[in-house]
Amino acid sequence: MGKNEYELNFEFYNAVFENSVAEQQKANVEFDNEGKPRITRLAEDSVLRKIGIKEQDLLLSVDGEDIKGAADFFVKMAKVWGSNNPKTKFQVRRSGQVETY
């Protein structure tokens, strides 16, 4: 007998959650006074490092949506880390310049 829709959805979201937790452990951030996260540590195999994000980058937005504090950042990143969507765009401030990756 095949799996029902509930079982398939549960497996999908469980896989997304596990991938998200694994990626979260590969990056550390600190938040500035405007609630923007600054990358303080990235593991070599981090998804963020692979797309061009570097330590000390200040993340401004994800897919065109401004980051509005810690909770907002973690919700946005859980979606990114869980999906591994290669089309996700990050806007960062690096050395005073705004760049998109």
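The model is predicted, so local features need pLDDT of at least 70 and side-chain atom pairs count only at pLDDT 80 or more, while totals for chains, interfaces and linings use all residues. Residues are numbered from 1 along each chain as its sequence is written, and side-chain values use heavy atoms, with hydrogens and water left out.

I begin with the aromatic rings. The structure holds three aromatic pairs, where rings of Phe, Tyr and Trp (its six-membered ring) pair if their centres lie within 6.5 Å, and planes under 30 degrees apart count as stacked, over 60 as edge-to-face and the rest as tilted. One of them joins Phe31 and Phe73, with centres 5.7 Å apart and planes at 75°, so this pair is edge-to-face. Phe31 belongs to strand β1 (residues 27-31) and Phe73 to helix α3 (residues 70-83), 42 residues apart; helices (H or I, at least four residues) and strands (E, at least two) are DSSP runs, numbered from the N terminus. Phe73 also forms an edge-to-face pair with Phe74, at 5.0 Å centre to centre and 65° between the planes.

Phe31, at 30%, is partly exposed, and so is Phe74, at 38%.

I turn now to the backbone. Most residues other than glycine have a negative phi. Gln56, however, has a positive phi of about 85°; Gln56 lies in the loop between α2 (47-51) and β3 (58-62) and is partly exposed at 46%. Asp63 has a positive phi near 50° and sits in the loop between β3 and β4 (65-66).

Terms used:
Buried means under 20% relative accessible area, exposed over 50%, partly exposed in between (1.4 Å probe, protein chains only).
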